[in-house]
Amino acid sequence: MSHQSPMISIPKKATEEVDWTTPIRHLIAKSYGENPDNYIQECQALQRCRQDAVKGAGSDTTGRDLLYKYFGQLELLELRFSEIRVNFSWHDAFTNKVTTQTSIAFEKASILFQIAATHSAIAASQSRFEPEGIKLAFYYFRACAGMLTYINENFLHAPSTDLSREVVKFLVGIILAQATEVFLEKCIDEKKANALVSKIASQAASMYNSLSEEVKDFQGKGIIDRNWVTMIQIKAKLFASLAQCYRAQADIKAGNHGDALARWILAESLAKEAHRSASSFSALFSHVSSTLPADAGPSILDRTKSHSQFCTERKNEAQRENDLIYNAVVPSAEVLPLIEKASVATPIPIQEVYGSPDVQKVIGPDIFMKLIPLSVHESASVYSEEKAKLVRKEVENAENAEVEVRSALEATGVQDGLARFKGMVDGGLDEQPIPPDVRRWIEDIGVIEDRESVDTLMGELTRLKEGVRSELENTSRELEAESHECEAMRIKYDHLWTQEPSAGLNKALRQDLKSHMAALDAAATSDQQVVALWDSVKGDISLLLSPGVEEVFCAGLQPAAPSQSLLELDVGYDEQERARIRQFTSEIEERLGRLKKISYERGEVLKDLKEKIQADDVSHLLLLHRRNTGVEPALFAAELEKFRPYQQRLAATVHHQQVAVQEIQSLWKGLRDLAGRGPGVKKWEEQERWKKDTVRRFSRARDGYMDVRDGIMKGLQFYKQLRELAASLTRDVKSFTSERRLEREKLIGQAEVQQRLSVPKQPLPAVDNKPPLPPQPHSRPSLEASFASMNLQTGRHATPSPPKPPQVPRPSSYTVSSQPPQPQHLSTHGFPPPPPQPPRGPYVPPPPTQDPYANLGLFASPQSTGSVARQPSVPPPPPSQKLSSQPSSHSYTKQGYPGSSTFPAPPPPPPPGVGTRFSPQHQPISPPPPQGYNSQYNYGYGR
């Protein structure tokens, strides 16, 4: 169709401001006994919801959604405040007269009228040249009619003209006539059958004719726009002409050329009348109407003009064909058969519109959701308990049914024995000799071995263990070498050698070394246990992973005659008996499958019942009946009836299950009586015993394999951590020996100087003579010894060098004690000897920090369980106060020795024990005895 006829839309009502807050606050305080201030936001939300719906909304989908939401909230609000009284003022949509009422029903009817007007505006604005536009226009016209019908059926005694039953009924007629017109356009576009199109056009023409009679009464009262009257009359003539046109085409196909010509003549007459009315309407339609499109006049004029021309052309063509060819008698219009009508447009109920999930999403949650009376809460709790009882009862019945069927099948042994009888008849017992569990073990162990085999892990374990042992042995040799060197120097220099013996200083290091070696030996014992366990299961594991594992299971299936099958053994079964056995087994399998289906169905029904009960809410019903006493039992019973179908389905599953179990028991008894004896049964039992024994054998091998891998992994972890501890101990020993070596170098230089100075005095050489060369030292002198030698050769008048300032001790891994105090005496020339050195203590171990074996379970520290244990690491630097008050163990005070060549004999060595005591706060802690990896790594793995 080249032209689209204009559509009429319903005008909207206007309203005044409404105060929801004050009456709601009053009811909250009076009826609910709560503080109204707690619901300020809810009142503001409701006020804003109405403002958006009736003031800011337009005639589009946004305005429709705002009206949907407000009407939905009104419905929920009425459930809580049915007695609320608010002044609602609305202007009539046709007369503009203001009507004010306090009933919430008036507000709801007015909002529904607004929704209907919005629907009609959306439908009229659609472009019906597209299929989607036709679909939307048809839907919204029908939804508009549904809203208006709901107003007429539920709101009596309307206070305004636009809500009166006559006006609303007339509006419903207009909307449905336009919906029929839209459907007719769709059928014409889709080229439906001419007979069908003529029926729909006849229906539209009939509806417009009825409206044209009714609209005259409203026009006289000044209610309806006069443009509506003219538009309805034009469309009545137009669609009557369309009905005759399509019926004439149907008559031509049927061979009724005379009737067709008569209908073309009638259609032309009606089309011309419609065109004349449209011409008058177009000339007078000069103002913009809110209920008609701006181009309504030109559109209807073009529409009628094109249709009139079409009818004239087809009438002339039919006349010419009839005169030249058919010569049929042309009847008068009065005797033509009436065209049947087809009703295609019906109102959409409001329940269907508001039941849509999209509309419910637009409405959103109840604004006053928190406002529920206490009585409603109590009643809802009682109802929830009733639902819980129902669910518990059905769950218990379902569980009992499952236990019964499982017990019945286990007692008869039907599931295990069914395969036996099938194999005896079909000869298929040996098809898969390897059980599924063994196949799974083969796959699991094969994947693990491919990734990292036990032999590879054993090699890694041995490598780590030997590396740790080698490092600990090297550390022990280094300590022995240091001690030997110290004692060698003591023998060489006798009383001049003042270095503290190594035994007292490296006691803590030796204790750590001893504990590490003991732990290593204990771990080696655990390694031997793991190796022994691996040797015990290695053969079975290798067999399990080899292709020969199938032969192991097959070996027990043919003990007497390898080529003899069960079918050959059981010579007592003839073909008839085999057929009966097959029938028994197939029927039992069918009953077992039926039991599975029954169990699945019961679970699904129970799940649906729980979901239904969980989603069930009767709060709104309790709100409606909260003023009626004694209705809760009847209400609850009626609501619980919703779950009766689920209960009946569950009971039916239990009954069907019992019947199936009885049938299985009967069939199984018959099968055992028929085929329960004979050589085949004995061979089956032998095969099962062999298979079970073999499975147990491989199960033990698999468990041992997993224990071996677990022990190896724990051993690897242990050796890695022990390697770190050994490396830390090695660093501490190297630091200790390095400092002791530096100290010995200093002491060697001093001892060499004292030996040279203690020789008898020689006559002074002449001034012009060169000084004699100093004696060759036994070892390489240090820097201080060289300077002292130079000072001794300068002569009598040399000025003694000032003493060096004391040095701040640097932090080190181990504190090295200095030499004992020098003897206090004067030389023959009055020069004092070097100042006495303060006594130093032996190597002081650092304070306890953390037990390195705490996480391994190596040692159980009886002294400090839960406390932090000691590590042989770098000790913290001493406090600054001790730096200033105590002499440093590393500062050696040096003074020049002017020209003196003789010294008195040194005093006897200091009494033993001086400078060798441990400080009270630094007593070394001996570690507890070793225990191997841990308690689980020892053989047994917790067994």
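Predicted model: local features only at pLDDT ≥ 70, side-chain atom pairs only at ≥ 80, totals over all residues.
## Packing of α6 and α8

Two packed helices are described by the angle between their axes and the distance between the axes. For helix α6 (residues 165-189) and helix α8 (residues 226-254), the axes come within 12 Å and cross at roughly 35 degrees. The crossing of α6 and α8 is left-handed.

On the α6 side, the contact is made by F170, L171, I174, Q178, E181, L184 and I188; on the α8 side, by W228, I232, K235, F239, L242 and Y246. By class, the residues of this contact comprise 10 nonpolar, one polar and two charged.

In soluble globular proteins, nonpolar side chains tend to be buried together. Here the largest nonpolar core has 110 residues, and W20, I24, L148 and F170 have the most contacts inside it. Helix α6 supplies the largest share of this core, 14 residues. F170 also belongs to the α6 side of the contact with α8.

Leaving out residues up to four places away in sequence, I24 touches C43, L46, L77, F81, I84 and F368. A second, separate core has 43 residues, including L513, V530, V537 and Y719.

S9 is located in the segment before β1 (14-15). Is this residue, S9, buried or exposed? S9 counts as buried because its relative accessible area is 8%, and the limit for buried is under 20%.

With neighbours within four places in sequence set aside, S9 contacts S120, A121, A124, W228, S290 and T291. Of these, W228 is also one of the α8 residues that meet α6.

Definitions and conventions. Residues numbered from 1 in each chain as written. Heavy atoms only, no water. Axes fitted to C-alpha atoms, helices over the stretch in contact; angles between N-to-C directions. Helix = DSSP H or I, 4+ residues; strand = E, 2+ residues; numbered from the N terminus. Left-handed = near helix turned anticlockwise from the far one by under 90°. Contact = heavy atoms within 4.5 Å. Nonpolar A, V, L, I, M, F, W, Y, C, P; charged D, E, K, R; others polar. Core = buried A, V, L, I, M, F, W, Y, C linked by side-chain atoms within 4.5 Å. Buried < 20%, exposed > 50% of the residue type's maximum accessible area, 1.4 Å probe, protein only.
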